[in-house]
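Dear colleague,

I am passing a structure on to you, and my notes on what was found in it follow directly below. Please read them with the structure open beside you.

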Amino acid sequence: MLVLLTLFAVELLQLPWLKLVGSIMLLWVGIQLMEQNDEDADIKEATSLLGAIKTILIADLVMSLDNVLAVAGTAHSAPAGVREFLVVIGLSLSIPVVIFGSKLVLKLMERFSIIVTLGAMLIGWIAGEMFASEPIVETHVVHVTLTMHYVFAAVGVLLVVAIAKWRERRRIERVEAAQ
């Protein structure tokens with residue numbers, strides 16, 4: 001299901017404005033990843049097998065969206081002939097890590113919080129690259145050279161870090177003001 005969804009996303013990224021929307025979504029995912037939010041989400045319990053299957057499929061789709069966008073965004077910057085191959089390889093590497101290595105990755109992330117920050121920064125980089133390769137940006141905003149492409153990617157990283165830190169600082173100030 002993820003491979004098909006990602007291949008579909010790679011093809012959709014050919015549409016005008018969609019890379020712009022995808023890059024904004026990836027920036028948001030990176031920001032959310034960096035925020036230290038320990039609040040538990042309210043999850044409604046399914047009352048039937050069909051309801052449980054539906055909940056699992058929807059949750060898997062929603063939680064996989066960032067992975068799909070990141071793999072699709074990375075594959076989209078490759079030559080057209082190897083995009084599908086890169087999608088399959090990217091998902092083939094990430095799915096086993098998530099399924100089999102999730103406990104190990106979680107323990108590593110808890111012990112070395114820099115891993116989360118680096119992951120969020122990578123997502124910001126991919127978002128910046130995706131933004132720079134948007135046809136509207138390439139033709140109307142500025143002629144995007146290879147150097148400008150890296151500048152947009154670096155700006156994506158800076159946006160993720162700066163906005164996440166700013167939101168965290170605001171959250172702490174609200175908590176302190178409430179006490």
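The chain exposes about 12200 Å², of which carbon and sulfur atoms supply 70%; accessible areas here come from the Shrake-Rupley method with a 1.4 Å probe, and for residues only the protein chains shown count as cover. The model is a predicted one, in which local features need pLDDT of at least 70 and side-chain atom pairs count only at pLDDT 80 or more, while totals for chains, interfaces and linings use all residues. Residues are numbered from 1 along each chain as its sequence is written, and side-chain values use heavy atoms, with hydrogens and water left out.

Of the 179 residues in the chain, 29% are buried (under 20% relative accessible area, with exposed meaning over 50% and partly exposed in between, for a 1.4 Å probe and protein chains only). The chain holds eight helices and zero strands, these being DSSP runs numbered from the N terminus, H or I of at least four residues for helices and E of at least two for strands. Among contacts with a separation of 6 or more, 80% join residues 24 or more positions apart, a contact being heavy atoms within 4.5 Å.

Helix α2 (residues 18–34) packs against helix α6 (residues 114–132) at an angle of about 170°, with the axes 8 Å apart; axes are lines fitted to C-alpha atoms, for helices over the stretch in contact, and angles run from 0 to 180 degrees between N-to-C directions. The two helices α2 and α6 are therefore roughly antiparallel to each other, a term for angles over 145 degrees. Residues including Leu20, Gly22, Leu26 and Leu27 in α2 meet residues of α6, among them Val116, Gly119, Ile123 and Phe131.

The buried residues of α2 include Lys19, Ser23, Ile31 and Met34. Met25, which also lies in α2, is partly exposed, with a relative accessible area of 34%. Although Met25 and Ala127 are 102 residues apart in sequence, their C-alpha atoms are 8.1 Å apart in space.

Helix α8 (residues 146–178) contains Arg171. The 33 residues of α8 should span 48 Å at 1.5 Å a residue, and this agrees with its end C-alpha atoms, which are 48 Å apart; the expected span is 1.5 Å times one less than the number of residues. Buried residues of α8 include His149, Phe152, Val160 and Glu168, whereas Arg171 counts as partly exposed at 33% relative accessibility. Arg171 and Glu35 are 136 residues apart along the chain, and their C-alpha atoms are separated by 9.9 Å.

Key
Angles under 35 degrees count as roughly parallel, over 145 as roughly antiparallel, 65 to 115 as roughly perpendicular and the rest as oblique.
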